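Please find below a short note on the structure, arranged as numbered points.

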Amino acid sequence: MSATPVREASQMYKAVIASSIGNALEFYDLTLYLYFAVTISKLFFPTDNPTTSLLIALGSFGISYLMRPLGAIVLGLYADRAGRKPALMLSIMLMMVGTLMMVVMPSYESIGILASVGVLVARLIQGFSVGGEFGASTAFMVEHGPTRKGFFASFQFASQGLASVLAALSGVILSATLSADQIAAWGWRLPFAFGLLIGPVGLYIRRNITETPEFEASAETGEARSPVRDLFGQQWLNMLLATGLVATSTALNYMINYTPTYAAKQLGLPSWIGFLASFVGAVMLMTVAPLVGHWSDRVGRTPIMRIVVIAVFVLMIPAFALLISYPVLLVIVPVLALIGGLKASYSAALPALMAEIFPTRTRSTGMNISYNVGVTLFGGFAPFWIESLIAITHTPLAPSFFLMFAAGISLTCLVLFRRKFGLR
């Protein structure tokens, strides 16, 4: 790899802050949809059966993730050709369009099926936008701090934790201050409106950052730029293994986001308890990820990730059994703190490991495709799979089965990954 100029420390941290803020704003809106899934299902996908309405709403959440691979390719190619900065600006502008649609969309009662279609279109736009976010923002962080890849790249998920914190806090405040009828009538729109208002802030910050030195050096050397052909012709195994590595990270993350729905529907708890538990899990992700990212620069990525997937196998069934037996605040909060800690520890090391196996010319596209295929399979449809597993098995333990399945895939890929690349 070509030598790249070394940026001042202040420039590195500015790049991380710019990527983190924009990334947090984008994932904030996605998380809100899941947190308010029960309300949205009644307003935009009404049926005679509440469970059917919820499944349709969660299914629309999952369908939006089918756009993520397309966004990953299109925006990833744009980032690998035009630069990380323009791709980051485009992705956040698209997200603002989708958010605006959610804020102003009339209910099914007002305009009928057009409301359902409108919400689905908004989800598809946002899915496309977020599809291009991971690769571009991670490449941006890693390429600005090549000597501390683990630490800088960990802010990819720390910023997602911040998004979940803001979304959960919104749910707690609304649940504590408004009645259920007020939330259903207009209150649920307020958090989306907040995201819309602060979106321009992220756009402004991204507009005023510099391109990464590694990308600039690559452009100056005239490296060949055919990312898709290189990826599918020469690096297809890299993408396949990277996709499997994403499984545990995204399954744990969407379990945290799904908690308000799970707590209300399966455990019969007040909605504010579910939001508070998710808030704790998100705080763990936001605070623990940078610490573990720094640690991974010292001890390596794969040892940390391997410990986490083994812990998922050992701890998930006992944790959910305890939660089901004692569905109270003093139990659900520690369980979500555990899940959040596992998610943070695994995810902190993940983006740097993925970045290290893709060269500069294919890095954004390769990470985008791998990450978004994994998220689509194990994240976007996770709430739908979990609800379906519960309906089939008739046990609220079903989420633990799903998490263990994802961990098994990631563990297999970690073993193969280390043998192929010899990376720590």
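1. How many residues does helix α19 have, and how far does α19 reach from its first C-alpha to its last? Helix α19 (residues 382-393) has 12 residues and reaches 16 Å, close to the 16 Å expected at 1.5 Å a residue. Helices are DSSP runs (H or I, at least four residues) numbered from the N terminus, and the expected span is 1.5 Å times one less than the number of residues.

2. This is a predicted model, in which local features need pLDDT of at least 70 and side-chain atom pairs count only at pLDDT 80 or more, while totals for chains, interfaces and linings use all residues. Residues are numbered from 1 along each chain as its sequence is written, and side-chain values use heavy atoms, leaving out hydrogens and water.

3. Ala 382, Pro 383, Ile 386, Glu 387 and Ile 390 of α19 are buried (under 20% relative accessible area, with exposed over 50% and partly exposed in between; 1.4 Å probe, protein chains only). Seen down the axis of α19, the buried residues fall within an arc of 135 degrees, so they line one face of the helix; the arc is that of the directions from the helix axis to the C-beta atoms. His 394, whose phi is positive, near 60 degrees, follows α19.

4. Ile 111 is found in helix α6 and is partly exposed, with a relative accessible area of 34%.

5. Phe 44, Trp 188 and Phe 192 form one aromatic cluster. Rings of Phe, Tyr and Trp (its six-membered ring) pair if their centres lie within 6.5 Å; planes under 30 degrees apart count as stacked, over 60 as edge-to-face and the rest as tilted. By this rule the count comes to 7 aromatic pairs. The ring centres of Trp 188 and Phe 192 are 5.7 Å apart and their planes are at 80 degrees, so the pair is edge-to-face. Both Trp 188 and Phe 192 are buried.

Technical notes: Helices (H or I, at least four residues) and strands (E, at least two) are DSSP runs, numbered from the N terminus.
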